[in-house]
Amino acid sequence: MGFMDLRQWLGLLEKNGDLRRIGAEVHWDRELGAVARRVLEKKGPALLFENITGYPSGRCTRLFTGGLGDRRRLALALGFPRDVGNAELVQYVMGKNRQTIAPRIVKTGPVKEVVVKGAAIDQNEFPVPRWHHLEGGRYIHTFSGIVTRDPDTRVMNVGIYRGMIGRPDTAPMLLIKGGQYWGHHFQKYSDRGEPMPVACVVGWDPIMPFLAGSPIPAGVCEWDVMGAYRGEPAELVRCETVDLEVPATAEIVIEGLIRDDPSAWELEGPFGEYTGHLSDVPTPRPTMKVTCITHRRDPIFRGSLEGTLPGSYSENSVMSAIQRAGIAWNILTGAGIPGIRDVHVHPITNGVNIVVQIRKAYQGQPKQIAAALWGNSAAQYRYKHVIVVDDDIAPSSYEQIDWAIAHRMNAGEGGLVVFPGIFGSPIDPSTPMEDRDVSRLGTGLWNRVLIDATRSWKFERRPEWGNERFPPTVRPAAEDEARVRARWSELGLEDLG
Ligand SMILES: Cc1cc2nc3c(=O)[nH]c(=O)nc-3n(C[C@H](O)[C@H](O)[C@H](O)COP(=O)(O)O)c2cc1C
Ligand SMILES: [Mn+2]
């Protein structure tokens, strides 16, 4: 199931009572973000701000946020009933992530209704929020699909990467050379001594952030995977000033170039990050020079309040709970590891913590699982803590996981493994700043941890324990439970249910 564009998605949300229009005046500076935070805390609807201070008229007057800020709305976007189970969504995503339908290039589309070039370019004409009071600027790219092209293979990549308004026509961005896939592209353009063409797509089918915000394997174009989800090709148009293609029905597209020239870099950050903490300190970053903006008439700006806090899950965390579990499961299956029963990510961790439930086939299997995840580039910002449990432990239950850790993990027997100094997130607040210095280290350093909370196979099987390696639990025998159930009312306990 796919949506033509953002407006069709808004229409469906509104029909379902999942969209609230805010007609009262709200300021883009701090206030809009604070409203969005409170609505997330209340597990409230998506929001369309229609009266933003300083933007009563002009190029763009409206801002949409929160569309995927609730799992029921994510289910809706993927064509499922609102109350679909976690496992069902994860399984669907695992399948679709491996399929492709190539896009179709069309001559033109609504995104070309207005074309802005040269001195007329001013990103401040869009009602871009300063989402959080401590942020270093107005974050124009929080939910945009950032498009780049591999100069060798010509395959495009679409990712979400944060970017701030610098000057009216510049945007410093969190671009790390050799890091995420656009970072790979940037390395190649840098080696050629050429600037990297970039197109930032603001507002389209909700499938765009769902796929751009998660790692699809190298060399696979996200437009193709989005086609598979939509069940039909994405219709793309050529950009005006860069060699890239973008959706014909997008709201806004910002085109430009990024040079590997530190003298042109501008300060970026800090940003309220997905960790729920401020990212870092203002840092000179690769900076996009805008060459053209195209947009629909009366475009709707799209942004997202980033940052997960207990009780308030960002759009990223809602998406990550499904995508990061599905991607991990595909990695484990691809690595040929047997017996994976479930993979679970709680939104609060965004997939920094992940729980894998197995029907254990051999003692070294949990370590193999951790190694497979940590060896995959999808682990750049995720899978710091891997917890493996047996198949009698529900991976969605904190209580059951805690019980397994309490009584099945033995840290001195290899149940707790720290893999120090491996690649990881440069924006993890628990990592010392010197280990987050991307200019020196390329990317952040992480100390990853495996918690193996499965029952050890080193123990001998014992006849006293029903020929198992681990003692039985204290649950009564099935026949005792049946007898008690039969006598329940005779015992005067019926009212307990
Ligand atoms: C709201 C949001 C903001 C994000 N911001 C960044 C960012 O600033 N830098 C970054 O490297 N990844 C960021 N990510 C994560 C990437 O989008 C994600 O890792 C994705 O896999 C990148 O695409 P790629 O795998 O094609 O490189 C963000 C994700 C979301 C959903
Ligand atoms: Mn990618």
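## Reading the ligand 1 site

Modeller: Let's start with one contact: a polar side-chain atom of Gln180 lies 2.6 Å from an oxygen atom of ligand 1. A polar contact here is a pair of N or O atoms within 3.5 Å. The model is predicted, so local features need pLDDT of at least 70 and side-chain atom pairs pLDDT 80 or more, while totals for chains, interfaces and linings use all residues. Residues are numbered from 1 along each chain as its sequence is written, chains are lettered from A and ligands numbered from 1 in the order written, and side-chain values use heavy atoms, without hydrogens and water.

Biologist: Which backbone atoms lie close to an oxygen atom of ligand 1?

Modeller: A backbone N or O atom of Tyr181 is 2.8 Å from a ligand oxygen, and a polar backbone atom of Pro215 is 2.9 Å from one. The protein buries 96% of the 630 Å² that ligand 1 exposes when taken alone (Shrake-Rupley method, 1.4 Å probe).

Biologist: Where does ligand 1 lie relative to domain 1 and domain 2?

Modeller: Domain bounds come from an automatic or database assignment. Domain 1 (6-302) and domain 2 (315-452) both give residues to the shell around ligand 1, so the ligand lies between them.

Biologist: How should I read phi and omega?

Modeller: Most residues other than glycine have a negative phi, and most peptide bonds are trans. In this model, phi of Arg154 is near 70°, a positive value. A cis peptide bond joins Gly269 and Pro270, with omega about -5°.

How values were computed. A polar contact is a pair of N or O atoms within 3.5 Å; within protein, one must be able to donate a hydrogen and the other to accept it, and residues adjacent in sequence count only if both atoms are side-chain atoms.
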